[in-house]
Amino acid sequence: MFAFVLSITPGPNNIMLTSSGIVFGFVRSIPHILGISVGGGILLVLCAAGIGSLILALPSAHLMLKVIGSSYLVYLAWQLRRMTFKQAAVEQGTPMPFWGAVLFQFVNPKVWMMGITGAAAFLPAMQPVWLAIGIFTLVFCAVNLPCISLWACIGATLRRYLTQALWQNLFKTLMILATLYSALAVWL
């Protein structure tokens, strides 16, 4: 349930996947989806292995992670203002690649929170430890993948309805505000 709630609720990944679904469609967003899942899985393994506790114990590393993550979200909000739904723009643009999505997980504060909190509360108490970490990560990734896929699917569905300038501007404004809120939430 913990993995489901954190995976399905809005956050940087889900906002970007909705935008990608709108601009590029579901199929072209699949590498982005898979990159989030793989990158999140790697981060969960690292958190379960103790790296998450180390990041929290080093205030400067924790601060740097927050600065990088929130700065990137502000940059994304700035880029969203130019989001277009015209077919010509879709053909010229490229969705976030697999490795870009993998790497983004390391500056995504929501994924760090999910990894640190999840490992502290839900890591199975069993031996060998690597098996416990594997089960923990597999469960989170199995729950996360359909949740994030749903956001790209929603974006691809909305794509059909965003042909009018009024709805495009309204949607862009909502996405920009949600992204800026995510950047602010890092500091709350």
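1. A quick word on confidence: pLDDT is the predictor's confidence in each residue, from 0 to 100. Here the protein has a mean pLDDT of 84, with 91% of its residues at 70 or more. This is a predicted model, where local features need pLDDT of at least 70, side-chain atom pairs count only at pLDDT 80 or more, and totals for chains, interfaces and linings use all residues. Residues are numbered from 1 along each chain as its sequence is written, and side-chain values use heavy atoms, leaving out hydrogens and water.

2. Confidence is lowest in helix 5, with a mean of 54, and highest in helix 6 (residues 98–104), at 95. Helices here are DSSP runs of H or I, at least four residues, numbered from the N terminus. Where pLDDT is low, predicted coordinates should not be read in detail.

3. Have a look at helix 9 (residues 165–185): its 21 residues reach 30 Å from first C-alpha to last, close to the 30 Å expected at 1.5 Å a residue. That expected span is 1.5 Å times one less than the number of residues.

4. Among the buried residues of helix 9 are Phe171, Lys172, Met175 and Ile176 (buried is under 20% relative accessible area, exposed over 50%, partly exposed in between; 1.4 Å probe, protein chains only). Seen down the axis, the buried residues fall within an arc of 135 degrees, so they line one face of the helix; the arc is taken from the directions from the helix axis to the C-beta atoms. On the other side, Leu166, Leu174, Leu177 and Tyr181 are exposed.

5. Arg81 sits in the loop between helix 4 (59–80) and helix 5 (87–92). Arg81 is partly exposed, at 34% relative accessible area. Not counting residues up to four places away in sequence, Arg81 touches Lys172 and Ile176 (contact means heavy atoms within 4.5 Å).

Definitions and conventions: Helix = DSSP H or I, 4+ residues; strand = E, 2+ residues; numbered from the N terminus.
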